[in-house]
Amino acid sequence: MLQCIFLLSDSGEVILEKQLTGHRVDRSICNWFWDHTNSQPNSYKVVIIIIIITFSLSSIIIFDFSVLCLQQQPVIASPTHYLFQVCREGITFLACTQVEMPPLMAIEFLCRVADVINGYLGGLNEDSIKDNFVIVYELLDEMIDNGFPLTTEPNILQEMIAPPNIVSKVLSVVTGNSSNVSDTLPGSTASCVPWRTADPKYANNEVYVDLVEQMDATINRDGVLVKCEINGEVQVNSHITGLPDLTLSFANPSILDDVRFHPCVRFRPWESNQILSFVPPDGQFKLMNYRVRKLKSTPIYVKPQLTSDGGICRLNVMVGMRNDPGKTVDSVNVQFQLPPCILSADLTSTHGTVNILSNKTCTWSIGRIPKDKAPSMSGTLVLETGLERLHVFPTFQVDFRIMGVALSGLQIDKLDLKTVPYRFYKGFRALTRAGEFEVRS
Amino acid sequence: MAPPPPQSNRSPSPSQPSGKSEVSDLKLQLRQLAGSRAPGTDDSKRDLFKKVISNMTIGIDVSSLFGEMVMCSATSDIVLKKMCYLYVGNYAKVNPDLALLTINFLQRDCKDQDPMIRGLALRSLCSLRVANLVEYLVGPLGSGLKDNNSYVRTVAVIGVLKLYHISATTCIDADFPETLKHLMLNDQDTQVVANCLSALQEIWTLESTTSEEAARERENLHSKPYVYYFLNRIKEFSEWAQCLVMELVAKYIPSDNSEIFDIMNLLEDRLQHANGAVVLATTKVFLHLTLSMADVHQQVYERIKAPLLTQVSSGSPEQSYAILSHLHLLVMRAPYIFSSDYKHFYCQYNEPSYVKKLKLEMLTAVANESNTYEIVTELCEYAANVDIPIARESIRAVGKIALQQYDVNAIVDRLLQFLEMEKDYVTSEALVLVKDLLRKYPQWSQDCIAVVGNISSNNVQEPKAKAALIWMLGEYSQDMHDAPYVLESLVENWDEEHSAEVRLHLLTAVMKCFFKRPPETQKALGAALAAGLADFHQDVHDRALFYYRLLQYNVSVAESVVNPPKQAVSVFADTQSSEVKDRIFDEFNSLSVVYQKPSYMFTDKEHRGTLEFSDELGNLSINAETGDSVVPAQRVEENDKDLLLSTTEKDDVRDPGSNGSAYNAPSYNGSAPSATSQPLADLAFSSTGATGQAPAPGLAIDDLLGLDFSVGTATTPSPPPLTLNPKAVLDPGTFQQKWRQLPISLSEEYSLSPLGIASLVTPNALLRHMQSHSIQCIASGGQSPNFKFFFFAQKAEEASIYLVECIINTSSAKSQIKIKADDQSSSQAFSTLFQSALSKFGLP
């Protein structure tokens with residue numbers, strides 16, 4: 001049972017406070033939390049003073065830069081309360097309790113709060129929350145009562161409290177009625193399908209199914225693929241009149257290692273025939289998550305080479321296609337952090353641009369990999385005086401995007417609509433992105 | 001009376017407060033609007049309300065506007081209403097009289113046509129939390145519970161709980177619990193049912209202390225009919241309510257195995273739920289149901305594995321953290337379950353360090369014969385990581401795996417590679433590990449010593465690593481050619497060595513080296529003993545003296561004491577007892593798992609008390625020490641003591657056969673004060689004289705031996721005829737007040753006896769001791785080595801009070817004391833009394 005929720009800005013200021021029970025939690029807990037956070041060795045203030053770097057465009061950056069890295073544990077015991085915290089885009093969601101409760105429940109709930117507020121305000125930042133704090137209060141009011149979570153389903157909340165979008169702003173100016181609370185209660189609170197609006201009506205009935213996959217891979221120093229797996233999502237955007245009953249089946253469901261479903265999915269058909277049978281919520285939602293383990297290869301390769309001697313380190317990175325997935329690989333990006341012992345770097349690339357920020361983050365944006373020649377980046381790093389060789393090696397984080405392909409090989413077989421006699425339009429798409437794709441050197 | 005145009009009122013962001021003047025400005029504007037019925041009033045009201053609430057949000061006190069806000073609350077605009085409810089809910093408690101004004105419009109709204117407004121009004125009405133308004137609550141709540149809209153019923157159910165917290169008797173008298181029970185079993189809407197369940201659980205738990213019926217009802221909730229009723233409807237519940245039901249089911253004890261399987265079959269699909277909280281709650285049910293069936297219990301581990309691993313890799317870092325904490329608990333109970341999935345615990349570059357740390361622990365825990373090689377390879381890559389704390393942790397993890405006896409051969413090679421990496425922190429960690437390894441596997445000494453010999457002691461700065469290196473120099477001095485000379489150069493730099501631990505080890509190592517290679521070491525030994533005797537640190541001084549006397553007495557006896565033949569350590573002591581682990585497992589899916597200690601350790605007042613520490617008197621924690629809570633505290637304290645000893649006595653080889661008692665046996669080179677102090681008994685006088693010590697340590701020795709009439713007492717005045725009231729009482733408020741008012745009448749610094757320091761593991765030990773001397777503690781806190789206490793005492797048969805602030809630093813064995821007293825003249829006498837009480841601390 002949560003007793004209080006605070007929203008803190010990235011400077012530790014209380015943006016919003018919501019007391020949930022009769023026990024009033026004093027604001028001083030936030031100061032305690034903030035002091036505690038800043039006193040942790042893990043949440044160090046990275047202040048990097050002046051570095052001079054030349055790169056392919058031979059320009060010089062002189063910069064003074066500081067970032068606060070929040071690395072605070074999500075669950076902390078303060079002298080008076082147990083605190084749960086979730087940090088999103090610089091906003092800290094802090095919840096307090098004095099009684100035992102499942103920690104994951106509190107963390108999950110805070111994540112949902114962050115997601116819902118993010119969805120309502122179209123992005124999380126201090127100003128948008130301050131400008132719309134009445135809406136945030138209203139949302140929290142409906143999401144949690146007396147410390148116990150009620151409904152966190154965005155579809156339902158949107159029916160109770162209208163989001164502050166441009167349309168409603170324009171409407172309010174025109175009609176003079178600027179209430180953002182809908183006049184009626186959501187019908188679904190009474191229906192047996194709590195995630196669905198009671199009776200939506202559409203002129204065009206349509207369902208879009210997207211497979212969105214993220215490839216997580218780790219390649220070690222010797223170029224061996226240590227770990228490679230795919231975390232995928234089936235995202236559905238449904239606009240169907242009435243109470244539709246959909247079934248979705250895959251051509252090769254056996255490749256899935258583990259699945260998680262939206263509450264609307266019925267478990268039995270999946271267990272017996274690997275068919276997803278569900279009554280969809282209205283609008284956009286995440287139907288299922290899945291995981292495919294033990295993939296054998298990655299679509300592109302990244303080969304870093306570092307040789308250091310006499311205070312100078314030579315760096316060479318090659319990027320290229322490994323197994324052509326049949327579609328273009330674009331938005332290729334390689335990013336790495338130069339070790340602190342490096343004084344300056346001079347890097348040039350045969351393709352794309354190299355950019356070194358003052359906090360020693362180096363980004364090589366390649367874009368689309370050319371067919372004829374594999375791009376490479378090379379140059380020298382100057383080490384601190386007195387240091388002969390490099391002992392700390394950077395990890396290269398690779399980003400890419402492939403439209404139209406689900407790299408796990410998962411294929412949708414068919415999508416059927418039962419119970420409602422309408423004709424409807426079906427659309428399928430696929431996309432694979434790099435998740436935590438890292439290459440060690 | 002035209003309202004100001006809204007445009008001019010609207011600030012770009014309602015977040016800039018300008019303080020007092022703005023509040024009075026707002027007050028004026030609200031007054032103007034209060035009676036207005038002109039069109040557009042609502043808009044200007046809304047802007048004003050927004051400003052008021054934004055001020056409230058920032059923390060400015062706008063309670064003075066209460067009257068005006070209530071006057072403006074007559075409106076049909078729902079957003080205005082909501083803001084007004086919010087405001088009223090925030091300030092009603094401090095304005096109980098004015099809150100009465102709001103009752104009227106809230107009661108009216110409770111009868112509104114719109115169910116949304118009915119619900120909101122009822123919620124606000126119940127959130128006022130003013131005790132003398134409860135009579136107005138019963139009516140609306142009663143009709144709310146019967147409302148035909150489920151939203152209103154949901155709100156009303158929670159309202160009953162709120163009412164119970166304001167006035168339990170009113171709630172019971174209105175027979176609300178019975179109504180809730182009826183609703184719980186009959187309502188169509190599952191959210192109403194869920195809220196009834198959570199409300200009733202809370203009410204009955206609180207009532208059960210006084211009412212037998214409530215206790216019986218609470219027990220009934222775990223009975224078959226109830227549990228089955230909830231289970232049958234589980235899919236209709238919202239995800240959060242499902243968690244609640246699962247908690248209930250986990251407490252249910254099925255009558256036979258088929259029932260267990262039925263429940264598990266029913267709940268199996270919950271493991272596939274998108275909400276991690278539901279998955280974990282289901283896991284708990286499964287694990288607890290099958291505790292009695294060993295083979296099914298194993299199958300459950302297999303079944304829950306995949307869903308939990310998915311949660312780890314797909315959730316946010318915060319979620320991963322919570323799940324990993326639970327996985328860590330599971331893997332401790334069944335290490336083999338994840339042994340083939342170890343790759344899930346490989347750290348990713350971007351992860352926050354709290355997740356990485358847990359993952360490293362997991363990797364250590366899952367290592368076995370088949371995967372050790374790969375895990376260690378992976379861990380070695382982290383050693384070159386940019387993140388230094390993680391690099392350290394991963395080296396430690398390698399060491400832990402090595403001590404688990406899998407594939408030691410390869411690991412020793414890796415560790416030796418670390419030593420050659422020329423990174424100071426890597427070298428340091430590796431040295432400590434090599435030392436531990438050698439204690440367990442003496443057969444590797446040849447290989448290790450060859451590498452360790454190449455490390456220059458100048459490059460090792462960290463005390464722990466330096467101590468480890470010195471230990472190895474002493475232990476293997478016969479194999480390391482230049483050991484005596486390295487030790488000699490270390491002894492030469494004695495004064496630059498700040499860590500007492502290192503100096504202690506240096507003394508012992510020189511002794512050991514001396515027994516093996518006397519001619520080469522003699523000079524170093526002489527220098528070390530001389531330096532040790534002159535050392536200001538009590539332990540170092542004592543040990544040096546002890547060695548000196550031993551050598552004088554008989555060299556061969558000294559050798560058998562300092563350097564006896566050792567057995568290899570077979571198992572290092574586990575920090576957590578299996579009983580504690582079982583208790584944590586019982587509390588699966590709770591905070592206990594995250595903190596890695598059972599709930600009594602952090603929810604009991606006694607234990608919490610020790611956590612609480614603040615420099616400011618304003619936040620003083622009250623030391624509620626009751627008779628019955630002392631027992632667990634002592635137990636834990638003893639545990640802590642064990643830990644303390646085991647760390648300071650790392651050098652000793654623990655005979656696997658002798659349990660615990662080996663700690664105190666003075667046979668080895670232990671640093672435990674009890675071991676060194678006894679032989680000193682007959683030497684106390686000469687020691688203070690011979691080495692020319694400052695009086696402070698000498699005094700401590702005298703106190704230690706209880707020799708009150710020795711030379712040392714010359715510095716201590718004889719106890720004056722001041723007696724204290726053994727039952728003095730002072731409330732914290734008065735303490736604070738007095739502390740602020742009174743000047744400091746005395747400020748002193750004392751030394752503490754080593755025994756006292758050893759006993760001061762937690763502040764509570766000292767509290768009890770001082771209490772027996774009629775000096776009460778009002779607040780305490782701190783962690784080793786710094787503790788802080790506030791004491792008070794009262795003169796017997798007089799009202800005169802003494803207040804003491806006492807800061808103890810255990811590493812320097814010093815305490816700083818500030819005394820404030822009503823009667824300034826007697827403060828010196830009290831100080832003496834306090835000092836003598838303090839010096840007796842720790843004596844048997």
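Begin by selecting B:Lys162 and A:Asp145, which form a salt bridge with their closest N and O atoms 3.1 Å apart. A salt bridge here is a side-chain nitrogen of Lys or Arg within 4 Å of a carboxyl oxygen of Asp or Glu. This pair crosses between chains, from helix α9 (residues 150-166) of chain B to strand β9 (residues 144-145) of chain A. Helices (H or I, at least four residues) and strands (E, at least two) are DSSP runs, numbered from the N terminus. B:Lys162 is buried, at a relative accessible area of 4%, and A:Asp145 is buried at 5%. Buried means under 20% relative accessible area, exposed over 50%, and partly exposed in between (1.4 Å probe, protein chains only).

The structure is a predicted model, in which local features need pLDDT of at least 70 and side-chain atom pairs count only at pLDDT 80 or more, while totals for chains, interfaces and linings use all residues. Residues are numbered from 1 along each chain as its sequence is written, chains are lettered from A and ligands numbered from 1 in the order in which they are written, and side-chain values use heavy atoms, with hydrogens and water left out.

**More charged pairs**

Side chains of opposite charge can pair when their charged atoms come close. Over all chains, the structure holds 43 salt bridges.

Select A:Arg112 and B:Glu239, whose side chains meet in a salt bridge of 3.1 Å, N to O. This pair also crosses between chains, linking helix α2 of chain A to helix α15 of chain B. A:Arg112 counts as buried at 18% relative accessibility, and B:Glu239 does so at 10%.

An α-helix has 3.6 residues a turn, so residues three or four places apart point the same way. B:Asp436 is buried at 11% relative accessibility, as is B:Arg439 at 9%.

**The interface of the two chains**

Colour chain A and chain B separately. In this view, 100 residues of chain B are in contact (heavy atoms within 4.5 Å) with 90 residues of chain A. The two chains bury about 8500 Å² between them, 53% of it on carbon and sulfur atoms. Buried area is the accessible area (1.4 Å probe) that two parts lose on being put together, summed over both. Select B:Trp240, B:Gln272 and B:Tyr349: within chain B, these lose the most area to chain A, together 10% of what that side buries.

Nine salt bridges are found across this interface. Another pair to select is A:Arg88 and B:Glu318, a salt bridge with the closest N and O atoms 3.3 Å apart. Helix α3 (residues 41-58) of chain B gives the most to the side of chain B that touches chain A, with eight residues.

**Helices α14 and α15 of chain B**

Move to helix α14 (residues 224-232) of chain B, whose buried residues are B:Tyr226, B:Val227, B:Tyr229, B:Phe230 and B:Leu231. These buried residues pack against α11 (176-186), α12 (190-207), α13 (212-221), α15 (239-251) and α16 (257-267) of chain B.

Within α15, select B:Gln242, which is buried at a relative accessible area of 2%. Apart from residues up to four places away in sequence, B:Gln242 touches B:Ile234, B:Lys235, B:Phe237, B:Arg270, B:His273 and B:Val278.

**The nonpolar cores**

A nonpolar core is a set of buried Ala, Val, Leu, Ile, Met, Phe, Trp, Tyr and Cys residues joined through side-chain atoms within 4.5 Å. In the largest one, of 267 residues, A:Phe84, B:Tyr87, B:Phe230, B:Leu327, B:Leu330 and B:Phe418 touch the most other members. Helix α2 (residues 103-121) of chain A supplies the largest share of this core, 13 residues. A second, separate core of 68 residues includes A:Val292, A:Val302, A:Val317 and A:Ala345.

Finally, centre the view on B:Leu330. Leaving aside neighbours within four places in sequence, B:Leu330 is in contact with B:Leu287, B:Tyr301, B:Ile304, B:Leu308, B:Ile337, B:Phe585 and B:Phe588.
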